[in-house]
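This briefing sets out selected features of the structure shown below.

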Amino acid sequence: MVETINTPTSPDRSLDGWPHWSILVVDDEQGMLNFLVKTLAPRCHFVMSATSAEEGAEWLRGHHVDLVVLDISLPGKSGVEWLKELREQGYTGEVILITAFADLDTAIEALRAGASDFILKPFRVPQILNAIKQCHERSRLRRENFVLRRAMGPAAAQRGTLVGASPSMATLRGSLERVASVDSTVLLQGESGTGKELVARELHAMGARAGGPFVPVNCAAVSPDLIASELFGHAKGAFPGATRTRDGLFHYAQGGTLFLDEIAELPLPIQATLLRAIEDLRIRPVGSEQLVPVNLRIVAATNRQLSAEVDAGRFRKDLYFRLQVVELALPPLREHKADIPALVAHFMAQLSPALGVAPLRISEQEMDFLQQYDWPGNVRELRNLIERSLILGSLNVSALYPGTPKAPTTEKPTDLHTLEKMHILSVLDSVQGDKTRAAQLLGVSRRTLERRVAEWGVA
């Protein structure tokens with residue numbers, strides 16, 4: 001077996017090639033093998049070559065390839081036979097079959113076996129390049145469709161540009177502009193509801209990877225037993241129930257940004273695997289011997305202080321230092337209340353068409369009341385309040401201040417911690433103590449809500 005490695009040195013090469021793709025060429029005719037390697041090497045990450053299906057299978061046991069260019073007539077096992085085995089074993093990459101002798105039955109058999117394309121020898125350079133271009137485009141569309149399906153949902157309606165002109169937001173925008181131009185790992189730290197995913201999307205949109213996918217994953221929402229498979233993918237038979245090979249989120253984020261929300265929730269063994277993936281820019285799917293190269297940016301986020309988690313032994317110190325190459329702190333809403341009028345206007349304009357209702361007119365007194373509140377759920381809680389108010393047809397101030405009239409007076413409450421406690425307990429009471437539902441209405445995580453309630457000695 002011959003391996004030809006060629007690493008792209010200029011971004012311009014991506015215009016007529018596939019700079020992050022690896023290709024395996026299998027053909028027993030040395031002249032054709034040399035021709036294909038010479039043609040493809042300048043256009044992709046690297047090219048491997050083999051002269052039989054058996055050699056190709058041996059290589060694939062320990063390496064990842066995105067495309068196989070496979071001759072049908074090979075010594076020993078034929079190309080079609082090996083292709084059927086590859087598909088049965090769960091290989092999801094593209095395969096182009098080539099042959100000098102073919103009829104309609106052969107072509108049909110090749111396509112049924114799982115070939116992406118079928119080319120008759122002899123062929124010219126534009127023919128093979130066009131076939132690979134179509135395979136690359138098909139692979140890209142599959143990744144995009146996966147990302148779009150994940151993106152559909154309630155969170156989609158909350159997306160938008162950063163809102164607010166306060167000094168805190170101006171500082172954050174300036175930091176994002178500086179960080180967006182580099183590819184370094186970024187750690188976002190801030191309370192629940194401060195808009196960490198929104199900031200991560202803004203960072204992605206401002207950078208060189210804006211044309212690639214943005215793939216978010218909430219580490220707290222995935223079972224610890226499944227998080228490795230979710231991130232890195234798995235091989236067929238890797239564990240009970242793994243009936244087929246599955247690509248992970250690292251694969252779908254290729255060329256773009258992988259956003260790891262609630263990073264502090266990762267189990268320690270997965271933290272070690274993630275550290276190795278970030279340092280080596282290669283991943284190993286669960287149950288596989290293959291090392292798959294990755295090309296993406298990592299943005300992580302947490303509502304905890306990771307330094308405290310490190311001291312407590314719940315988070316690896318080396319991973320913490322690797323993630324905080326650039327660390328950005330997101331201010332809680334109580335520290336930039338001057339932005340509340342702009343946020344209210346933004347949410348009103350965003351939600352009114354979606355709900356099919358007219359925007360509400362907010363009086364100065366009502367706005368003053370909103371700016372008195374401490375917003376434990378931050379911007380998410382404000383958005384939820386505006387959505388409920390639009391549905392009810394009037395600003396639902398009483399939800400913030402139980403026992404006060406809807407039309408507020410000019411007298412301002414002074415004990416904000418008491419008001420916060422009253423509000424949270426009122427919301428809990430309105431949902432008969434359902435902490436999951438109350439956390440959703442407040443715009444905080446259930447864990448945050450339980451911590452607050454425990455501090456007050458409330459069951």
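Is Thr257 buried or exposed? Thr257 is buried, because its relative accessible area is 2%, below the 20% limit for that class. The model described here is predicted.

**Overall composition**
- The protein contains 18 helices and 13 strands.
- Of its 459 residues, 49% count as buried.
- Among contacts with a separation of 6 or more, 71% are between residues 24 or more positions apart.
- The accessible surface amounts to about 21900 Å², and carbon and sulfur atoms account for 53% of that area.

**Surroundings of Thr257**
- Thr257 belongs to strand β9, which spans residues 257–261.
- The side chain of Thr257 makes a polar contact of 2.8 Å with the side chain of His204.
- Leaving aside residues up to four places away in sequence, Thr257 touches His204, Pro213, Phe214, Val215, Arg297 and Val299.

**Helix α3 and its buried side**
- Helix α3 covers residues 79–88, and its buried residues are Gly79, Val80, Trp82, Leu83 and Leu86.
- These residues lie on the same side of α3, because they cover an arc of only 160° around the axis.
- In general, an α-helix has 3.6 residues a turn, so residues three or four places apart point the same way.
- The packing partners of the buried α3 residues are β2 (18–26), α2 (53–60), β4 (67–71), β5 (94–99) and α4 (104–113).
- After α3 comes Gly90, which has a positive phi near 100°.

**Aromatic pairs**
- Five aromatic pairs are found in a search of the whole structure.
- One of them joins Tyr320 and Phe321: the ring centres are 5.5 Å apart and the planes are at 40°, so this pair is classed as tilted.
- Tyr320 counts as buried because its relative accessibility is 10%.
- Phe321, by contrast, is partly exposed, with a relative accessible area of 48%.

**Cysteines**
- How many disulfides does the structure hold? The number is zero.
- Cys44 is buried, at a relative accessible area of 0%.
- Cys135 is likewise buried, with a relative accessible area of 0%.

**Backbone features**
- As background, most residues other than glycine have a negative phi, and most peptide bonds are trans.
- The peptide bond from Lys121 to Pro122 is cis, and its omega is near -10°.
- Pro122 sits in the loop between β6 (117–120) and α5 (125–151).
- Glu262, a residue other than glycine, has a positive phi near 55°.
- The loop between β9 and α10 (268–280) contains Glu262, which is buried with a relative accessible area of 13%.
- Trp375 is not a glycine, yet its phi is positive, at about 50°.
- Trp375 is located in the loop between α14 (364–372) and α15 (378–392).
- Is Trp375 buried or exposed? Trp375 counts as buried because its relative accessibility is 0%.

Methods
Residues are numbered from 1 along each chain as its sequence is written. This is a predicted model: local features need pLDDT of at least 70, side-chain atom pairs count only at pLDDT 80 or more; totals for chains, interfaces and linings use all residues. Side-chain values use heavy atoms; hydrogens and water are left out. Helices (H or I, at least four residues) and strands (E, at least two) are DSSP runs, numbered from the N terminus. Buried means under 20% relative accessible area, exposed over 50%, partly exposed in between (1.4 Å probe, protein chains only). A polar contact is a pair of N or O atoms within 3.5 Å; within protein, one must be able to donate a hydrogen and the other to accept it, and residues adjacent in sequence count only if both atoms are side-chain atoms. Contact means heavy atoms within 4.5 Å. The arc is that of the directions from the helix axis to the C-beta atoms. Rings of Phe, Tyr and Trp (its six-membered ring) pair if their centres lie within 6.5 Å; planes under 30 degrees apart count as stacked, over 60 as edge-to-face and the rest as tilted. A disulfide is a pair of cysteine sulfur atoms within 2.5 Å. Accessible areas come from the Shrake-Rupley method with a 1.4 Å probe; for residues, only the protein chains shown count as cover.
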